[in-house]
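User: Could you walk me through reading a ligand site together with the domains around it?

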Amino acid sequence: MTTPLTCRNYIDGQWLSAVGGSTLESSNPACFTEIVATFPRSTADDVNLAVAAARQAYRSWRKVPAPARAEYVFRVGELLLQHKEELAQLMSREMGKPLTETRGDVQEGIDCAFYSAGEGRRLFGQTTPSEMPNKFAMTVRTPVGVCALITPWNFPIAIPCWKAMPALVCGNTVILKPAEDTPACATKLIEIFAAAGLPPGVINLVHGVGEEAGKALVEHPDVDLVSFTGSSETGAFVGATCGRTHKRVCLEMGGKNAQVVMEDADLELALDGAIWGAFGTTGQRCTATSRLILHHDIKEKFTAMLYERTSKLRLGAGTDPNTDIGPLVNANQLQRVNNYLDIAREEGAKVLIGGKIANEGALKNGYFFQPTILDNVTPDMRVAQEEIFGPVVALIEVNSFEDAIAVLNNTNYGLSSSVYTRDINRAFAAIRDIEAGITYINGPTIGAEVHLPFGGVKNTGNGHREAGTTALDVFTEWKSVYVDFSGHLQRAQIDNRTEQQ
Ligand code: UN1
């Protein structure tokens with residue numbers, strides 16, 4: 001067992017304990033007796049310090065040329081690359097997912113660094129003709145100010161990077177409040193930002209619980225923008241508070257993503273996609289496949305294939321290279337998934353495989369849940385409507401392509417979606433008719449790349465998209481600029497018209 005790491009807040013370039021001195025612990029979800037880190041339980045006092053530092057640093061950071069700001073972010077990418085394996089190992093211990101996936105998580109941060117850094121030399125605005133002679137018109141992007149980033153535990157490196165990197169390139173200063181399950185990952189990430197030489201106060205880290213540190217940040221009058229990824233319940237609070245206090249707010253919340261398998265699909269390919277989409281990250285992705293919509297003609301055969309493959313999946317610690325599926329992140333999540341199994345049984349779904357907490361032998365000290373397939377699910381059951389966030393997939397049978405799309409759209413969420421078919425006409429009809437921010441054709445619902453917009457419709461989000469160039473729209477304000485070089489007053493809409501016009 002390794003000695004627990006001592007994590008601190010990072011405020012104005014200093015590593016600090018919480019003002020009140022309280023601490024909390026994170027543990028290994030595959031072996032909860034192993035403490036991974038201790039970290040500060042911050043309160044409004046710590047948040048006040050961080051916001052003051054970020055506000056002060058903003059005065060000069062916004063004037064640093066964007067290409068120079070981007071060079072710091074590029075350096076963060078280089079350092080992440082150097083520390084990739086160490087971060088992946090730590091993440092598997094603290095969050096639980098297998099090493100192949102934690103390496104992918106760090107890689108997503110690296111991709112984001114190099115992609116965002118390129119934006120430092122773009123950040124394009126527009127020029128457009130003025131309606132008046134001798135007048136020039138253009139738009140420029142300006143930073144928003146102090147940004148609070150509230151991030152989840154399922155992608156402890158990638159998601160803070162998605163938010164912090166474009167925010168910094170755009171000229172904002174940042175306060176990160178990471179999830180309380182993954183404080184060590186967040187601390188290591190901020191150590192890397194610090195090592196890249198960012199001036200004090202430009203990036204700050206405040207640990208703690210959502211109801212205390214998170215709430216204080218969202219309510220703070222000197223925070224200009226909140227970017228939140230997490231549950232729909234917390235997102236509703238964040239959105240309402242930001243509405244009341246006139247903050248910019250970007251929300252990324254739940255999903256109830258479906259993969260459709262049509263009768264003409266390549267079933268082996270669809271199977272690979274379903275297993276990866278449903279059980280990757282133990283189903284703890286907002287993009288996870290939690291519904292499989294199967295055409296009647298292949299339902300029986302595909303279900304048998306799925307059963308067979310699921311029965312071979314190995315549960316274990318993420319740090320063990322033989323593990324396919326790691327634990328759930330904590331006891332609450334385990335309880336939540338278990339409760340959904342009770343709900344599924346009460347509603348009349350059939351548990352085809354799995355369905356239970358796994359706590360025998362080597363799994364006894366972890367939060368493991370068996371990979372689970374629910375059959376005979378109808379589109380309106382709670383297990384077909386609510387986000388479970390665990391290794392549970394619901395099978396829904398349909399008789400036509402039109403029904404498949406209707407069932408897929410029959411949810412309050414709209415993040416990711418997938419259709420397996422070899423019919424090009426159906427593929428394009430699906431792209432047109434699916435209500436989701438992301439649609440995959442012949443690929444699983446998980447696996448978004450950093451240079452495309454990421455986010456969803458309906459209750460998944462509030463109209464913003466992270467990643468891609470759309471991240472710039474979250475972290476900048478547009479300014480329209482008119483330069484009149486005529487030397488006299490020119491009245492738009494008036495002086496270019498005659499009386500009659
Ligand atoms: C998330 O689940 O919150 O597309 C993010 C994917 C990953 C990101 C998931 N690249 O599954």
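User: Into which domains is the protein chain divided?

Analyst: A caveat before that: this is a predicted model, where local features need pLDDT of at least 70, side-chain atom pairs count only at pLDDT 80 or more, and totals for chains, interfaces and linings use all residues. Residues are numbered from 1 along each chain as its sequence is written, and side-chain values use heavy atoms, with hydrogens and water left out. Domain bounds come from an automatic or database domain assignment. Here you get domain 1 (5-253 + 461-480) and domain 2 (257-441), with C-alpha centres 31 Å apart.

User: Where does the ligand lie relative to domain 1 and domain 2?

Analyst: Between them, because both domains give residues to its shell. A residue is near a molecule if one of its heavy atoms lies within 4 Å of it. Residues around this ligand include Glu108, Trp162, Cys286 and Phe454.

User: How much of the ligand does the protein bury?

Analyst: Accessible areas come from the Shrake-Rupley method with a 1.4 Å probe. Taken alone, the ligand exposes 320 Å², and the protein buries 99% of that.
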